[in-house]
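Here is a short report on one protein chain. Please look over the sequence and the structure before reading on.

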Amino acid sequence: MRPSLRARRRTARGAAVGVLAVVAGVLPGTGSQARENAVRADIAYTCASGESTRQLDATVFARFPAHGTPGEPLRIEELRLDVTLTREALAGLLPEGTTSLTSRAGLTVRVAQGGTAADAAWDDLAADETQIPATGGLTLAHRGTAPPVTVAHEGKVAFTAGALTLDLAPRPASSASPGQDDQDGQAGGPAAQQAPAQVSCRPSDGEEALLATVPVGDPDGEPGSPSATPGSPGSPAPSASGGGSDDEEDGPRQKKSAIDVGDAELPPAEPCETERPTGELDRSKLPAPPEGIPVKVNPTGGVHWCAVAVGVSNVRKLGGAMVVNDPRDGATTVNLLTQKEWAVGPGYNQTRHLGEIDLPDSTATFLDFDFMPVTARISFETSPMTIVAVQRGSGSPNYTTVHMNLSLRMHDVKVNGEPLDVGPACRTERPIAVELRGKQPEYEVLKGGVLRAQLDIPPFTGCGTGGEDLDPLFTASISGKGNYLKLVQSQPCNMRPNLGCAAPPKVPELPE
């Protein structure tokens, strides 16, 4: 039978997207930049562990800003570091019987502008547990967040990869049972891991490790000296301290603060809601207390608080990630009513709280084709949050569960910078049932802390324009089980009547 017209259209559009990804993948590797400064840099490293020396290959994927402004942060997004270890490189690093390993990496990046330079630390890049194949080597896919870089002057800013460190934590076959998770959501527990093997690497001799060059302000401006590439004839030697030359002959003096590679101070959160939440608890999510313990309703409706919750979420199928309520842009606050209801009795304590949040749009990163990131903007529609904290026994920890429904709408989709028109109504066909969990002492409603959830993403609907149906493309690539969400909530502040918070809630750092 001949395929239907709709099926042929789907095939054609899927092929077009695949072609775009292939074009992105065959761009020159080291230091190459596609539209919007999506970078893939392949770098050969020479590494030392103990008295042994090994070679390995690393690939840096990141999205750099196309242009910057003096005094404003340059943000490096969608950071991924793939490290490939050959069979020979693995030999001697891991104890006998190791069947899988986790890894943490740190990459030093030289940031240079004219005669000034400083070293940025891209630390705490984490790779999930990776199985060691029966033959051949393996690739560890690290992900993390790069701190923003701020320069005081106009001129081109060069980012060059430098030293690389790896902590390889081996796991024997008996370290975990299927489905057994530790508190960080990884198989096994901390006690199952053996001491990590520490590896220190530097780019191999003659290796070109330039990642990107970002123009800041007027590309011909001073005193950034953009015409002299760092290290080129006639350019002053970069200063590792970040300070410029004291010699006026070398041009205007730059202060040590000319390049800031540290964590920029997070902007304050959006103002807290002065109106109390008006939603209702989802009573289907409320656990029944033990027999004989009545539920009491707070006659004032609960106590009004304000908090900030920021996080990261991945898409398992695509190896992609996005920031939820980005603290670097001024996070949205959570409006809380605590102790709306409670049930207290011998050996039992349950409190019920209501929360509301209007999440801003996020940028999602898709690595479906494993060549170059595919990006999309995600809009959220959220239901009120039903928050239940339960303690069984005076000496037992407090367990908190946060229930909410979350619908996703996708727009502004690009593949290697090429727009893909998905229409105005490309969304999940039903809301995602989110169930975040926290446990004392890591999390308490009135102290804040870490919450985690596993998400099932439903199929997509309404994607495509002009009669083209892109629903199957996004459903096949994105929808599915096992997606991960990790939130960090600040300690809330009490919204006093007619006064508000004595001090706004602190904006937490993004979780790893």
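How many cavities of 30 Å³ or more does the structure hold? There are two. This is a predicted model.

## The chain overall

The protein chain has three helices and 29 strands. It runs to 512 residues, and 48% of them count as buried.

## Nonpolar cores

The largest nonpolar core has 52 residues. Those with the most contacts inside this core are Tyr45, Leu56, Phe64, Trp122, Phe159, Leu164 and Leu211. Strand S9, residues 155-172, gives the core its largest share, six residues.

A second core is separate and has 41 residues. Ala307, Met322, Ala364 and Ile478 are among them.

## The largest cavity

Rolling a probe the size of a water molecule over the atoms shows where empty space is left. The largest cavity has a volume of about 450 Å³. It is lined by 36 residues. The closest to its centre are Val324, Leu359, Leu406, Leu485 and Leu487.

Which classes make up this lining? The lining of the largest cavity has 31 nonpolar residues and five polar ones. None is charged. S21 gives the most to this lining, with five residues.

## The second largest pocket

The second largest pocket holds about 280 Å³ of space. Its lining has 15 residues. Closest to the pocket centre are Thr351, His353, Ala389, Asn398 and Val445.

Which elements give two or more residues to this pocket lining? They are strands S16 (333-345), S17 (348-356), S20 (385-392) and S21 (398-415). S17 gives the most, with four residues. By class, the lining of the second largest pocket has three nonpolar, ten polar and two charged residues.

## Two linings side by side

In the lining of the largest cavity, S21 gives the most residues. In the second largest pocket, S21 is one of the elements that give two or more residues, but S17 gives the most there.

The pocket lining has three nonpolar residues and two charged ones.

Conventions:
Residues numbered from 1 in each chain as written. Predicted model: local features only at pLDDT ≥ 70, side-chain atom pairs only at ≥ 80, totals over all residues. Heavy atoms only, no water. 1 Å grid on protein atoms, 1.4 Å probe; cavity = no way out; pocket = protein on both sides within 12 Å on 5 of 7 lines; lining within 4 Å. Points joined across faces, edges and corners; volume = space filled by probe spheres on them. Nonpolar A, V, L, I, M, F, W, Y, C, P; charged D, E, K, R; others polar. Buried < 20%, exposed > 50% of the residue type's maximum accessible area, 1.4 Å probe, protein only. Core = buried A, V, L, I, M, F, W, Y, C linked by side-chain atoms within 4.5 Å.
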